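Please open the model in your viewer and keep the selection panel at hand. The tour moves from one selection to the next and says what is to be found at each stop.

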Amino acid sequence: MDGERVETVSALQDLLLHDPAVMERLLLDLSVNVTAMFRDPSFYVSFRENVVPALRTYPFSRLWVAGCSTGEEVYSLAILLEEEGLSDRVRIFATDINEAVVDRARLGVFPLDKMQEYTQNYIRAGGTRSFSEYYVARYDSARFAGSLVDGAVFAQHNLVSDAAFNEFQVITCRNVMIYFAQPLQEHVHRLFYESLAMFGVLALGQKETIRFSPHERSFEELDAEERLYKKIS
Ligand SMILES: C[S@@+](CC[C@H](N)C(=O)[O-])C[C@H]1O[C@@H](n2cnc3c(N)ncnc32)[C@H](O)[C@@H]1O
């Protein structure tokens with residue numbers, strides 16, 4: 001109500017029903033976009049151990065980062081793939097329900113004052129180079145090399161209402177479904193099951209699980225802690 005300068009809920013409702021831009025702004029305000037580069041570094045250590053060897057077996061593969069927020073996770077994975085010599089063979093698809101954060105993700109510009117924390121995360125994630133090689137500092141921003149995400153697709157996509165749009169060898173979806181009730185989680189699990197190639201990997205991170213999902217039996221656990229699962233049927 002404050003943001004739209006109206007006095008009552010019904011006035012806000014009226015605006016929402018008649019102006020799609022108001023709905024968009026409300027959604028922007030409500031979605032939780034907290035993220036970080038190399039967030040939960042042990043996830044990336046496990047990704048190197050459990051997913052990279054599988055990716056090496058494909059001449060070409062697709063990685064979907066679902067719920068990518070402002071792109072920190074996308075650039076972290078792109079750096080990992082670059083260090084593993086896989087950049088040219090893996091195409092990243094980064095999606096989020098919130099178009100404004102997808103636009104920011106595309107730019108790859110993050111706050112400079114976060115770089116110290118992200119450098120520590122990068123080292124703990126098994127990074128092998130000097131982290132500052134990947135960005136150029138300008139005023140209070142760090143601009144990451146656009147070449148890291150060459151060929152990547154950034155798009156708005158709603159996990160709850162939009163359909164499957166491709167077949168993937170890897171899907172990562174971390175810190176997204178924690179906000180969903182059980183029926184919504186089941187819906188998204190079905191979407192991921194349908195979008196994964198046979199023997200593809202679903203990477204959920206420490207806070208989510210495939211347990212209780214209707215597709216639990218179709219997956220083999222690769223890492224119980226980091227919640228990495230391989231589709232086996
Ligand atoms: C807390 S952030 C997590 C970002 C990143 N995956 C990470 O782990 O750092 C959650 C993201 O999920 C997105 N999200 C929420 N509901 C969604 C939906 N139905 N479809 C796609 N993305 C959604 C939000 O917009 C937000 O950017």
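The stops below begin with the ligand, continue with its contacts and end with the pocket.

Bear in mind throughout that this is a predicted model. Begin by selecting the ligand together with the residues around it: 21 residues surround the ligand, and the closest are Thr-35, Arg-39, Glu-73, Asp-96 and Asn-175. If you colour this shell by residue class, you will find 8 nonpolar, 9 polar and 4 charged residues.

Next, show the side chain of Asp-96, where a polar atom lies 2.6 Å from an oxygen atom of the ligand. Moving on to Asn-175, look for an N or O atom of its side chain that is 2.7 Å from an oxygen atom of the ligand. Then select Asn-158, whose side chain places an N or O atom 2.9 Å from a nitrogen atom of the ligand.

For the last stop, turn to the largest pocket, which is where the ligand sits. The space in this pocket amounts to about 520 Å³. It is lined by 24 residues, of which Val-32, Asp-96, Asn-175, Val-176 and Tyr-179 are the closest to its centre.

How values were computed:
Residues numbered from 1 in each chain as written. Predicted model: local features only at pLDDT ≥ 70, side-chain atom pairs only at ≥ 80, totals over all residues. Heavy atoms only, no water. Near = heavy atom within 4 Å. Polar contact = N/O pair within 3.5 Å; in protein donor to acceptor, adjacent residues only side chain to side chain. 1 Å grid on protein atoms, 1.4 Å probe; cavity = no way out; pocket = protein on both sides within 12 Å on 5 of 7 lines; lining within 4 Å. Sits in = over half its atoms within 2 Å of the grid points. Nonpolar A, V, L, I, M, F, W, Y, C, P; charged D, E, K, R; others polar. Points joined across faces, edges and corners; volume = space filled by probe spheres on them.
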